[in-house]
Amino acid sequence: MIKKITLPAGTTFQSDMVRIDPTTFENHVDAQPFAIQHQLQQHPLFQLENLIELSKRLPRKQREYVFSKQEFGTHEDLEHYKHAADNDELSTDELIQAIEHQNIVIVLRNVESDSVYGQFVNECLDSLGEFVEPVTGKISGRESFIFISPPQAYTPYHYDPEQNFFMQIRGKKQMAIYDVNNRDVLPEEALEGFYNEGQRITNCSESLFEQYQLFEMNPGDGVYVPVTAPHWVRTLDEISISVSINFRTPSSIRRDRVYRMNRMLRKAGLRPRPVSQQANTWSELTKSALLGAPATMKNLVRR
Ligand SMILES: [Fe+2]
């Protein structure tokens with residue numbers, strides 16, 4: 001029998017629930033991952049039973065149930081992401097059983113749309129924004145995703161379009177992050193395809209597969225993942241809960257625009273230069289200014 005956790009009236013988040021050193025952020029943003037610390041594992045909102053309840057009240061399109069069948073080190077295949085939609089009808093207890101015993105991963109997307117969790121996302125980013133924005137400029141596109149995974153779940157090599165503060169709430173998780181600036185790991189043409197058509201390559205070459213920085217996270221640990229830094233993730237021997245806080249910065253929006261402009265130039269027979277990490281050279285600022293809002297961003301689904 002699952003014991004329900006009742007949220008205290010007026011539940012709020014302390015500004016120090018996520019601790020990130022401002023100088024470290026300034027030195028790593030858009031370039032390198034770094035470890036962060038938080039206390040979210042102590043908060044009732046992130047207990048498994050309350051997250052299952054959240055999954056039941058989110059719109060269907062924001063909750064995803066997938067089978068975790070992928071063997072570690074293998075490439076993505078369709079079977080791994082086959083939806084397990086039948087689980088939508090399960091009770092909370094049954095769903096928790098399914099996570100552990102049927103290898104079901106639950107991904108809760110855009111939890112900021114929920115009034116309670118939205119308060120968390122806003123308070124968290126308001127607090128972080130005090131030192132993030134002086135470095136990056138105004139942040140936008142506030143989002144949060146929650147991942148509930150069974151033991152031995154593996155998410156293969158991929159990359160995402162947003163800035164990401166990723167935090168481990170329950171269980172142990174390993175995240176391997178590749179050098180965001182290594183175009184052998186993630187070729188320039190692949191990034192152009194990602195920003196224009198939402199296409200992802202599903203692995204780097206075998207000789208580079210082990211060239212990552214490994215972050216081993218227990219509850220209370222987290223990591224900053226730069227925009228489009230390739231990574232893979234796996235859980236260890238117990239159910240894992242993780243939450244990502246995502247946002248966009250002027251640099252991440254410029255990169256989207258410049259990759260779209262470069263595609264147009266390439267189609268016109270030109271050979272545009274590779275995009276710099278912050279897309280802030282004179283020509284990139286010009287290209288960015290020539291394009292409007294990053295329309296493709298809405299279509300780039302993160303994992
Ligand atoms: Fe990811």
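**A walk through the fold**

Tyr224 is buried, with a relative accessible area of 0%, where buried means under 20% relative accessible area, exposed means over 50% and partly exposed covers the range in between, for a 1.4 Å probe and protein chains only. The model is a predicted one, in which local features need pLDDT of at least 70 and side-chain atom pairs count only at pLDDT 80 or more, whereas totals for chains, interfaces and linings use all residues. Residues are numbered from 1 along each chain as its sequence is written, and side-chain values use heavy atoms, with hydrogens and water left out.

The description can begin with the sheet. Eight strands form an open sheet with antiparallel pairing, in the order β1-β2-β10-β7-β12-β5-β4-β3, and its edges are β1 (18-19) and β3 (63-67), each of which pairs on one side only. Helices (H or I, at least four residues) and strands (E, at least two) are DSSP runs numbered from the N terminus, and two strands are taken to pair if DSSP finds at least two bridges between them. Within the sheet, strand β2 (residues 34-38) and strand β10 (residues 221-225) are joined in the antiparallel sense over four bridges, with Ile36 standing opposite Gly222 in β10. In a regular strand the side chains alternate between the two faces of the sheet.

Strand β2 also holds His38, which is buried, its relative accessible area being 3%. A polar atom of the His38 side chain lies 2.8 Å from the backbone oxygen of Gln168; a polar contact is a pair of N or O atoms within 3.5 Å, where within protein one must be able to donate a hydrogen and the other to accept it, and residues adjacent in sequence count only if both atoms are side-chain atoms. Leaving aside residues up to four places away in sequence, His38 touches several residues, among them Val18, Met167, Gln168, Ile169 and Gly222, contact meaning heavy atoms within 4.5 Å.

Helix α4 (residues 115-136) lies across β1, β5 (140-149), β7 (163-170) and β12 (240-248), and runs at about 120° to β5; axes are lines fitted to C-alpha atoms, for helices over the stretch in contact, and angles run from 0 to 180 degrees between N-to-C directions. Helix α2 (residues 48-57) is mostly covered, with seven of its 10 residues buried, including Leu48, Glu49, Leu51 and Ile52.

Aromatic rings form another set of links. Rings of Phe, Tyr and Trp (its six-membered ring) pair if their centres lie within 6.5 Å, and planes under 30 degrees apart count as stacked, over 60 as edge-to-face and the rest as tilted. By this rule the count comes to 19 aromatic pairs. The pair of Phe25 and Phe131 is edge-to-face, because the ring centres are 5.9 Å apart and the planes stand at 75°; Phe25 in helix α1 (residues 22-28) and Phe131 in helix α4 are 106 residues apart, and the pair thus links distant parts of the chain. Phe25 counts as buried at 0% relative accessibility, and Phe131 counts as buried at 16%. The rings of Phe165 and Tyr224 have their centres 5.7 Å apart and their planes at 55°, so this pair is tilted. Because Phe165 lies in strand β7 and Tyr224 in strand β10, the pair ties together parts that are 59 residues apart in sequence. Phe165 is buried, with a relative accessible area of 0%.

Strand β6 (residues 154-158) is mostly covered, four of its five residues being buried. β6 pairs with strand β11 (residues 231-235) in the antiparallel sense over three bridges, and His158 stands opposite His231 in β11. Ring pairs link a cluster that includes Tyr154, Tyr157 and Trp232.

Charged side chains complete the picture. A search of the whole structure finds 10 salt bridges, each a side-chain nitrogen of Lys or Arg within 4 Å of a carboxyl oxygen of Asp or Glu. One of them joins the side chains of Arg248 and Glu162 (3.4 Å, N to O), linking strand β12 to the loop between β6 and β7 across 86 residues. Arg248 is buried, with a relative accessible area of 12%, and Glu162 counts as buried at 2% relative accessibility. Another salt bridge joins the side chains of Arg263 and Glu192 (3.0 Å, N to O); Arg263 lies in helix α6 (residues 250-267) and Glu192 in helix α5 (residues 188-197), so the pair ties together parts that are 71 residues apart in sequence. Glu192, Glu197, Arg263 and Arg266 are linked in a network of salt bridges.
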